[in-house]
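Thanks for making time this morning. I would like to walk you through one model, so please have the sequence and the structure open as I talk.

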Amino acid sequence: MTHYYLNIINGTGFVGDHEGEEFPDLAAARRKATESVRSILSDELKSAGLIDLKGRIEIADQQGSIVLTLPFREAVELRLDDSSGWEDA
Amino acid sequence: MIDKQLMKLRVRDDISPEEEQALHDAQGQVIDYPADHTFITAGDELNCSTLLLEGILGRYKDLSDGERQITELHVAGDFADLHSFTLKHLDHNVMTLTPAKIVQVPHEKLKRITEQHPHLARVLWFSTNLDAAIHREWEVSLGRRNALQRTAHLFCELQVRLGIVGLATEAEYRLPLTQVQLAECLGLTSVHVNRVLKELRERRLVEFRSARVKIADLAGLRSIAEFDPAFLYLDRRPR
């Protein structure tokens with residue numbers, strides 16, 4: 001297990017993770033980061049009707065080095081083009 | 001040793017010296033558990049209920065992805081599974097979230113209380129009804145309150161529940177939980193909880209740091225949480 005810290009940088013500023021969490025590997029930490037972005041976005045969408053994809057999560061190791069950056073954009077799949085939608089089916 | 005259980009009951013009704021003695025006599029083995037220890041697993045055949053003396057326990061269910069949902073927290077003075085007296089096995093697990101001291105109360109002794117002390121039995125029945133009320137409030141939180149309100153509501157609930165047993169003031173209380181454990185209560189990730197905590201701090205409502213909840217504005221915190229303590233049945237009356 002490795003201890004990683006997942007810091008958020010987005011419209012509300014920098015939210016440092018002082019506690020961190022144990023993960024079997026970096027891929028598991030990335031999955032947790034993805035889940036977290038989706039959780040935050042869905043909460044914002046429901047509460048404020050806002051989808052703000054400008055943020056990112058930085059995964060840091062115990063030395064404080066950033067080992068992976070996950071832009072919010074990479075945590076979701078966006079479909080914006082109506083022309084290929086269900087209406088034509 | 002069961003002072004906090006008595007404090008909790010006496011907020012809601014009178015407990016006579018005979019009833020107090022009956023509760024004392026019902027105690028079995030005292031056990032110290034480390035943190036993060038599951039001592040009741042769903043399906044286990046149970047012959048005693050667990051009364052929490054010190055620490056924090058969680059009732060929880062495992063999810064298929066290896067995560068868990070905590071469905072209720074227990075603080076000192078709570079029976080964690082008085083319902084196991086009638087259910088005999090549980091549909092959920094019970095674990096320590098911090099180091100915890102518990103006393104086992106054999107179901108046989110509880111049966112004797114129901115036979116010899118009907119009023120005390122009703123007050124214990126009230127306790128399981130209170131647990132159900134807390135579950136309903138969590139159901140509303142998990143289903144309808146946003147992350148900020150949900151977190152604020154939990155801090156409000158614990159302030160009242162810990163206050164009853166002398167472990168909280170209106171300004172602060174000790175809460176030695178991790179952000180991961182809070183997230184498991186709130187149906188969020190610890191990263192999301194961390195962000196919510198920042199917002200609560202910046203709005204000068206509450207601060208959670210170093211195992212301590214410092215409430216800067218209790219009225220404001222209750223207001224954004226839409227917290228109404230009525231579900232904790234704080235009125236003292238014959239039951």
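**Two domains in chain B**

Chain B is divided into domain 1 (3–137) and domain 2 (147–232), the bounds coming from an automatic or database domain assignment. Please keep in mind that this is a predicted model, in which local features need pLDDT of at least 70 and side-chain atom pairs count only at pLDDT 80 or more, while totals for chains, interfaces and linings use all residues. Residues are numbered from 1 along each chain as its sequence is written, chains are lettered from A and ligands numbered from 1 in the order in which they are written, and side-chain values use heavy atoms, with hydrogens and water left out.

Taken over C-alpha atoms, the centres of domain 1 and domain 2 of chain B are 23 Å apart. Their contact (heavy atoms within 4.5 Å) involves 21 residues of domain 1 of chain B and 20 residues of domain 2 of chain B.

How much area is buried between domain 1 and domain 2 of chain B? The figure is about 1,800 Å², with carbon and sulfur atoms giving 65% of that, where buried area is the accessible area (1.4 Å probe) that two parts lose on being put together, summed over both. On the domain 1 side of chain B, the residues that lose the most area to domain 2 are B:Leu73, B:Val75 and B:Glu137, together 27% of what that side buries.

Three salt bridges are counted between these two domains of chain B, a salt bridge being a side-chain nitrogen of Lys or Arg within 4 Å of a carboxyl oxygen of Asp or Glu.
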